[in-house]
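Me: I'm new to this one and would like to learn how to read it. Could you walk me through it step by step?

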Amino acid sequence: MSHVLVERPEEGIALVRLHRPEVRNALGLELRQELAAGFRELGADAAVRCIVLTGGPEFFAAGADLRALVDATPVDLLLRDTQRLWQSLVECPAPVIAAVNGFALGGGCELAMHADMIVAGESASFGQPEIRVGIMPGAGGTQRLTRAVGKFKAMKLLLTGEPMTAREAEAMGLVTEVVPDAEVLERALTLARKVAHMPPLAVRQIKEVVLAGQDASLAEALLLERKAFQLLFATRDQKEGMWAFLDKRKPAFEGR
């Protein structure tokens, strides 16, 4: 049985579901491999303009599969090369919206942080509890969390292993929106629908510049922004968007 289900609920939108309910979507190697393959395929498809990533109504992903790790050696981990699997999410050109219900802990929290937006249910919880089992985050938990919420909040979460509620995560800047549990997926799809109707090349340039600029100096990041801004004036969508605005009509973006 597949551990990752990929659906196309409507034009321009892909829905990726983690499907390992018997272990609360624990991120075993097979699931990560399927997830990586799915994102590689979707990222290469120009028709996919936005991706929603979700788990189940009671849990997003409860973390790593500890049974597969408890007796692992450093060489075992090296040979698994799991950072290569995460890279397909990092490199996905289409925006990704995580729709989170329930637990997003450890690797589940790291997975959610690979998204560009996070919509969380009111009962969702986020955290990096790896320290409680004698290890530390290994898929970006120390780095993405710190960049999202700052050093002092991140240190508390990382060093105590305590989870945070969805409202706390929103206040810290980790979560985009908090909505009632039953509305999480529909709200994420609504946002995806809005993104999918925007000019695709502008959407991709915005994502690329935001992500690349995070680790650059302000001067370098502003240069990236300026060049991408200038490049978009070579697109048909720029002409269409501006003329549609001036003509007071709805634009028809082509992704060209």
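This is a predicted model: local features need pLDDT of at least 70, side-chain atom pairs count only at pLDDT 80 or more; totals for chains, interfaces and linings use all residues.

Me: Which residues belong to domain 1 and which to domain 2?

Reply: The domain assignment puts 4-197 in domain 1 and 200-247 in domain 2. In the contact, domain 1 takes part with 13 residues and domain 2 with 6 residues.

Me: How much area do domain 1 and domain 2 bury between them?

Reply: About 710 Å², and 48% of that is on carbon and sulfur atoms.

Me: How many salt bridges does the rule find across the interface of domain 1 and domain 2?

Reply: A salt bridge here pairs a side-chain nitrogen of Lys or Arg with a carboxyl oxygen of Asp or Glu within 4 Å. The interface of domain 1 and domain 2 has 2 salt bridges by that rule. As for polar contact, 5 residue pairs turn up across this interface. On the side of domain 1 that touches domain 2, you'll find 8 nonpolar residues, 1 polar and 4 charged.

Me: How far apart are the closest N and O atoms in the salt bridge of Lys 207 with Asp 116?

Reply: They sit 2.9 Å apart, so the pair meets the 4 Å cut-off.

Me: And how do I look for empty space?

Reply: Roll a probe the size of a water molecule over the atoms, and you see where empty space is left. In this model the count is 2 cavities of 30 Å³ or more. The largest cavity has a volume of about 50 Å³.

Me: Which residues line the largest cavity?

Reply: Leu 27, Arg 32, Leu 35, Leu 85, Trp 86 and Leu 89.

Terms used: Residues are numbered from 1 along each chain as its sequence is written. Side-chain values use heavy atoms; hydrogens and water are left out. Domain bounds come from an automatic or database domain assignment. Contact means heavy atoms within 4.5 Å. Buried area is the accessible area (1.4 Å probe) that two parts lose on being put together, summed over both. A polar contact is a pair of N or O atoms within 3.5 Å; within protein, one must be able to donate a hydrogen and the other to accept it, and residues adjacent in sequence count only if both atoms are side-chain atoms. Ala, Val, Leu, Ile, Met, Phe, Trp, Tyr, Cys and Pro count as nonpolar, Asp, Glu, Lys and Arg as charged, and the others, Gly among them, as polar. On a 1 Å grid over the protein atoms alone, a cavity is a set of points where a 1.4 Å probe fits but cannot get out, and a pocket is an open set with protein on both sides within 12 Å along at least five of seven lines; lining residues have an atom within 4 Å of a point. Grid points are joined across faces, edges and corners, and a volume is the space filled by probe spheres set on the points.
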